[in-house]
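This briefing goes through one structure topic by topic. Keep the sequence and the 3D view open while reading.

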Amino acid sequence: MSITLIRDISDSSSYWGASWVFGCFPDIHIVCDAPIGCYNLLGMAITDYTDALPHMANLTPTSIREEDVINGTTKALQRTIDDLRGLGTLEGKRLLVISTAESEMISADHKQFLAQLDPEARFFWSQSLDHDEWQGRERALLFAWEEYGKPLVPANAAPKAANLVNIIGPSLGCFNAPADLHEVKRLITGVGGELNLVYPYEASLAATPKLAAAAVNVVLYREFGTGLAEALGRPYLFAPFGVFGTTEFLRELGALLGTPSDQVEAFIAAEKRTTLQAVWDLWRGPQSDWFATVDCAVVAGRSYVEGLTQFLGNELGMKIAWSSGRPRREEEPDNSEIRRRLHTKPPAFIFGSINEKIYLAETNARMTQFIPATFPGPVVRRTMGTPFMGYAGAANIMQELVNRFYDIVFNFLPVEQVKVETAGHGPPAGPPAAAASAASAETMAWSKEATERLDAALEQVPFLARISASRTLRLAAEEAARVRGLREVNVAMVEAAIARGV
Amino acid sequence: MAEHTPPAPDDELSAPEPFRGGSCKLHPQTMCPAFGALRVLSRIEGAQPAMVTDAGCLYGLTFVSHFYAARKSILAPQLGTAELSSGQVQEAAQAVIAEAAKEQNVSVIPVISLCVAETAGLAEELLPTEVDGKPVVLVRVPAYAIHSHPEAKDIALAAVMRRFVDAQVEAEPHTLALLGEVFPADPLIIDGLLRKMGGRVVTTLPGRHVDELKLAGRATAVAALHPYYRETVGVLRERGIGVVTGAPIGVEGSAAWIRAVGAALDLDEEVVEQVASAEEAAARGFLAMQPLKGTTIMLSGYEGNEMLYARLLIEGGAHVPYVSTSIGQSMLTAADEAWLKAHGCETVVYRKAIEDDMAAMEYWRFDLVIGTTTLAAHAKELGIPAVYYTNILSVRPLFLAGGMIASLSFVRELLGRKPLYERMVDFFQR
């Protein structure tokens, strides 16, 4: 069997996906059978960068140690549950224990143990060694339905009302979920739907049986969620993108809900004059001409890849150079190939993750505009104002692209550089100097005045950039001194480094 | 600034129960230990990290590395049940090493072996030591065995130092290597000070270039500025390099450190004494105003250098009854702990959990919390000024009189922001 290599992994494991689904429920407490790192990265570090949550309050690790790797993790689990009970954390909550790659590695299956300990508790074997985050999310949604919902719902129960709609999918770690969700809710209610459950994002575990009350389900993502929609046995639609894609969705949804078509058309007509007016105005203006002249690439979740391709490509006529969805299909470029393409022929725009951003930085490809469209990568997307889906998404993306065009134009125009002369004025920030050469590895002597000048210059640098600026400036000044054969860095060398715009 | 808050619970008449720490240690507070290794290794110019681990681990560590360590592509083999159960860990490691060697300008290939690879049993003797002349260095950092992120920095640095420090090279007299991730201007300031005494700083570790690692081997002595580089110090000691522990922190710390360095580098005693006294006088001048007098500050981080900051705060006049850190207790932490305990600090918690910090929040009343994200969030929910230790304090100079003045002035400013914190909590939580 040959070994597959991964560059800058794009999808996490099912432990993450499942925890990001279960973690939405306020009435659950998750114990992950994990070493401290798996807990910290998921519960404290990364969910803060994907969802802007200071930490996941309903996640606790067993903190697997060396002895547990040898003897099994049952003792660690028992201790963890005892401590949680002691603190009162489990009161009013369902306990769920979830396996991780490391606990699966040592075959730590706690199903029987948990059944004896607490009949209400459940064990979720995440299959983290083999399943990705999308499979993990899919299985977690189904598991929640089968364990906490379905048994409480009479077989063949009818919907409570014909216009009740569930939204399935939005959960932690889903890029831009609040804005997309807000837009999809608006569209559903616009054509006469009434929201039943937003699952799991705005639901509790106890509310799970209520899933059966809806007549129609809207699955927010193509990456996962259809498993639950199929199990619920009601008609379902995927969340829409673009002007025409969204219009089609509204008509289909209206029909499924039994909304009179007059009402649906009236909503669409009103949207044209409000949400979509910007699209029509930009289309009629000179801005839309640009769209035919530039290309873009898309690296994102399957829904975003399909949605952006449809809107930008089919509806606005932009050239989609290539795309790669998550989960990735065999014929789509992997990260090594994406990197190669970005190095050799970068498109004018790329929607992507921090990986694409790094590949652009590696060749200093400043002419390509990067637009965040997926994780990994730290980005806050917590407001309602940045949707990709629906009519509002179409207007937002068009607005964003046009503003990027303006930026490109701005950067092309000639500019006269102004030299900053006096100390303490203007930041010496800018592109980083060449990294330390072998010769510059050694620390040089600095005159007192030179050090003071450096400090004064750094005072002017924005706080966050100060560390890198201090290193770059230091190296540049030392390099300048070395070139001139000086044994000590003097003020003139610091000035020279600042003047170079280092 | 708040005029004064009692350092102990409200009822000062009854003798308070001593602080006992958290009732359990459920939520350890440290970045994934392995990240410490990635941070040190991926920042070396030309280092091409190869990680041997599962997908979830890879995702998390790559995410934080790309955010906090280096904008550098990271390679790994796919390791699932099929590969692990058929004993292909070794083959997987070799495949990723071969791929890493194909990158441009590779100076070293650190092979970072994590939990599942370590559990499966990755054998060092079966790995190449170099590929096409590019050195391969195995770094084992399973989170289940290494308990904190700073200590993994040490393990990673020691691994590359073993490889790159030349045992045969002759020591250069009167030179010092600095050891610890410090504010980049700090080594300059220390170097300026040493030059006044006839010595100099030769390099600062963990370096950003393999040559910087090699240079450290030529130093007369190494100054372990942070108290968790146990293995790295060991590697240098074996090569006959002297070791100075502690850091030039605050009034007492700076003077003692300057004298210790003077002795280790064999510098002129009289000159050293003059420099030490001058530093002491400069720092005392600033401290005369006791900028933090009457305040109680909590210090809780996972960077391993928390005790240094606590010393500064105390010299600045603050009451710092509680300090917690993710690292373990060792000979390198002993001096700082003793100093803190002699200056009003009642508890130093090693390998802390959030439960310890929460218990301390109940026990004392703080005017400012410098803590981990979880703790700082909790403090903000209570309307207490709070900042994340890692992001906010590690980006400032710290050492000698200049560092002290910068750090204390900043803390004083934070204390003045209490009304903002109170207004927010009033709005959102009441």
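Strand 8 (residues 221-224) of chain B is joined to strand 9 of chain B by 4 bridges, and the two strands run parallel. Strands (E, at least two residues) and helices (H or I, at least four residues) are DSSP runs, numbered from the N terminus, and two strands pair if DSSP finds at least two bridges between them. This is a predicted model, in which local features need pLDDT of at least 70 and side-chain atom pairs count only at pLDDT 80 or more, while totals for chains, interfaces and linings use all residues. Residues are numbered from 1 along each chain as its sequence is written, and chains are lettered from A and ligands numbered from 1 in the order in which they are written.

**The sheet of chain B**

- The open sheet of chain B has 4 strands in the order 7-6-8-9, with parallel pairing.
- Strand 7 (200-205) and strand 9 (242-245) of chain B are at the edges with a single partner strand each, so one side of each has no neighbour in the sheet.
- On average, neighbouring strands of this sheet are turned by 25° against each other, direction ignored. Axes are lines fitted to C-alpha atoms, for helices over the stretch in contact, and angles run from 0 to 180 degrees between N-to-C directions.
- Helix 7 (residues 185-196) of chain B packs on the sheet and touches strand 6 (175-179) and strand 7 of chain B. The direction of helix 7 of chain B makes about 155° with that of strand 7 of chain B. Two residues are in contact if their C-beta atoms, placed from the backbone, lie within 7 Å.
- Helix 10 (residues 250-264) of chain B lies across strand 6, strand 8 and strand 9 of chain B, and runs at about 175° to strand 9 of chain B.

**Helix pairs in chain B**

- Two packed helices are described by the angle between their axes and the distance between the axes.
- Helix 12 (residues 306-315) and helix 13 (residues 331-342) of chain B pack at about 30°, and their axes are 10 Å apart.
- That angle makes helix 12 of chain B roughly parallel to helix 13 of chain B. Angles under 35 degrees count as roughly parallel, over 145 as roughly antiparallel, 65 to 115 as roughly perpendicular and the rest as oblique.
- On the helix 12 side, the contact is made by Met307(B), Leu308(B), Ala310(B) and Arg311(B); on the helix 13 side, by Thr333(B), Asp336(B), Glu337(B), Trp339(B) and Leu340(B).
- This contact between helix 12 and helix 13 of chain B has 5 nonpolar, 1 polar and 3 charged residues. Ala, Val, Leu, Ile, Met, Phe, Trp, Tyr, Cys and Pro count as nonpolar, Asp, Glu, Lys and Arg as charged, and the others, Gly among them, as polar.
- Helix 12 of chain B is mostly covered, with 10 of its 10 residues buried. A residue is buried if 20 or more other C-beta atoms lie within 10 Å of its own, exposed if 12 or fewer, and partly exposed in between, with C-beta atoms placed from the backbone.
- After helix 12 of chain B comes Gly317(B), with a positive phi near 105°.
- Helix 6 (residues 149-164) and helix 9 (residues 230-238) of chain B have axes that come within 7 Å and cross at roughly 20°, which means that helix 6 of chain B is roughly parallel to helix 9 of chain B.

**The sheet of chain A**

- Chain A has an open sheet of 4 strands in the order 7-6-8-9, with parallel pairing.
- Strand 7 (194-199) and strand 9 (236-238) are the edge strands of this chain A sheet, and each pairs on one side only.
- From one strand to the next, the twist averages 25°.
- Strand 6 (residues 164-168) and strand 8 (residues 216-219) of chain A run parallel and are joined by 4 bridges. Asn166(A) stands opposite Asn217(A) in strand 8 of chain A.

**Between the chains**

- In chain A, 68 residues are in contact with 72 residues of chain B.
- Helix 2 (residues 36-50) of chain A gives 11 residues, the largest share of the side of chain A that touches chain B.
- Strand 1 (residues 5-7) of chain A pairs with strand 2 (residues 75-77) of chain B in the antiparallel sense over 3 bridges, and Leu5(A) stands opposite Pro77(B).
- Gly86(A) lies in helix 4 (residues 74-87) of chain A. Gly86(A) is exposed, with 12 other C-beta atoms within 10 Å. Neighbours within four places in sequence aside, Gly86(A) is in contact with Ser23(B) and Cys24(B).
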